[in-house]
There are 2 protein chains.
Amino acid sequence: MRADATRNLERVLRTGARMLADDPSATIAAIAAEAGVDRRTVYRRFASREDLMAAVYGARYDAVEKAVEAARLREAPVAVALHRYVEGIIAVNRAWPVETSRMLREATIGERRRRLIDEVDAFVARATDEGLLRSDLPPGWVAAVLPSLMEHAAEHLSELSAAQAADVVVATLLRGVGTPQAR
Amino acid sequence: MRADATRNLERVLRTGARMLADDPSATIAAIAAEAGVDRRTVYRRFASREDLMAAVYGARYDAVEKAVEAARLREAPVAVALHRYVEGIIAVNRAWPVETSRMLREATIGERRRRLIDEVDAFVARATDEGLLRSDLPPGWVAAVLPSLMEHAAEHLSELSAAQAADVVVATLLRGVGTPQAR
DNA sequence: GCTAACTGCCTCATCAATGTAGCACTTGTA
DNA sequence: TACAAGTGCTACATTGATGAGGCAGTTAGC
């Protein structure tokens with residue numbers, strides 16, 4: 001593939017991720033226009049709308065898997081792993097701001113998805129065993145709440161670096177936002 | 001208005017809320033079918049798709065305003081007000097499960113929206129002043145995180161009552177999910 | 001039971017998005 | 001520089017959703 005073609009493909013993917021996150025029914029025409037590319041060019045790379053979305057989701061999953069791997073959720077000390085994981089995912093959320101709720105329904109990525117969920121679930125279990133997380137929580141509560149914390153951090157704390165935003169998220173997750181007296 | 005007409009209107013609104021929350025681009029035809037009503041009947045009540053969505057959002061806002069009022073965010077002791085507020089909103093989320101992120105962009109409800117935001121912001125400020133919430137948090141962080149906690153509680157903790165789910169949310173918000181040792 | 005309100009069904013025009021095609025042109029690369 | 005890869009533009013068929021009209025039949029409420 002030629003260099004400019006690669007560049008265009010990249011632009012379409014990035015722009016598509018951003019616009020589809022903002023509005024899942026964004027049209028191909030709008031995405032192409034925003035990416036500074038002809039609509040026809042998009043169709044040359046992606047056979048259909050579905051295809052483009054699958055590619056965007058795939059790109060995000062690549063990044064997420066990388067972040068999870070880097071966090072070493074199985075071996076690293078739980079506190080360290082948690083922080084690295086959160087920081088990594090916040091960075092991914094910024095690079096590939098896909099609207100996760102809609103993505104999860106796509107069957108395209110069922111297998112990869114299950115693997116990641118298992119990975120995180122196992123980590124939560126380990127963190128609970130090792131005394132980092134309370135054990136009296138409703139099952140799945142942490143796994144449900146954490147992603148949306150990271151999503152909010154990614155977009156709401158835009159003036160902070162990923163590491164700083166991760167500090168806020170981890171502190172909020174573990175200690176909450178109440179004062180010591182309020183406990 | 002005749003009684004059965006009122007009933008149908010109610011069904012359309014409820015069904016519309018549920019389906020649009022699940023997929024904002026749900027068609028009028030699909031909503032009508034799910035509500036057990038002809039597509040034409042929907043159009044008799046609502047001039048357009050926009051109209052229906054505005055009505056759904058309006059219904060949700062009615063409920064939210066009621067909950068906020070009942071929580072007495074200005075006068076009641078902060079801990080009490082917080083709990084009542086959370087419980088009320090969780091109930092609203094279950095009754096009118098609108099996808100908030102998309103709703104907030106609608107200009108239709110700009111004024112009502114601003115009033116509610118101000119109300120909650122003022123409450124957060126008071127809760128901070130009175131020592132319930134930490135004062136070293138990024139501005140707007142609590143106001144950003146709390147709604148999504150309540151949303152998750154509404155749908156994820158479906159086996160709990162609104163009051164029980166509110167316990168979990170408030171505990172998570174104030175004290176986090178970490179063990180005392182992990183702090 | 002009668003009337004007016006309300007509904008279901010079929011039909012139609014319109015519009016916007018999808019996906020395809022051919023042609024002239026620019027641009028990377030050897 | 002020459003060639004091949006890639007793009008922009010214009011046009012077109014298709015599909016699906018929106019919104020409206022008419023009419024026969026049903027149902028609530030007096």
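Trainee: In which hand does H5(A) pass H8(A)?

Mentor: A crossing is left-handed if the near helix is turned anticlockwise from the far one by less than a right angle, and right-handed if clockwise. In this predicted model, local features need pLDDT of at least 70, side-chain atom pairs count only at pLDDT 80 or more, and totals for chains, interfaces and linings use all residues. Residues are numbered from 1 along each chain as its sequence is written, while chains are lettered from A and ligands numbered from 1 in the order in which they are written. Here H5(A) passes H8(A) in a right-handed crossing.

Trainee: At roughly what angle do the axes of helix H5 and helix H8 of chain A cross?

Mentor: Axes are lines fitted to C-alpha atoms, for helices over the stretch in contact, with angles from 0 to 180 degrees between N-to-C directions. Helices are DSSP runs (H or I, at least four residues), numbered from the N terminus. The axes of H5 (residues 78-95) and H8 (residues 141-156) of chain A cross at roughly 55° and come within 9 Å. H5(A) is therefore oblique to H8(A), oblique being what is left once under 35 degrees (roughly parallel), over 145 (roughly antiparallel) and 65 to 115 (roughly perpendicular) are taken out.

Trainee: Which residues of H5(A) and H8(A) meet?

Mentor: Contact requires C-beta atoms, placed from the backbone, within 7 Å. Val86(A), Ile89(A), Ile90(A), Asn93(A) and Arg94(A) of H5(A) meet Met150(A), Glu151(A), Ala153(A) and Ala154(A) of H8(A).

Trainee: How many residues of domain 1 and domain 2 of chain A are in contact?

Mentor: Domain bounds come from an automatic or database domain assignment. Chain A has domain 1 (1-45) and domain 2 (48-182); nine residues of domain 1 contact eleven of domain 2. Helix H1 (residues 3-22) of chain A gives the most to the domain 1 side, with six residues.

Methods: Contact = placed C-beta atoms within 7 Å. Helix = DSSP H or I, 4+ residues; strand = E, 2+ residues; numbered from the N terminus.
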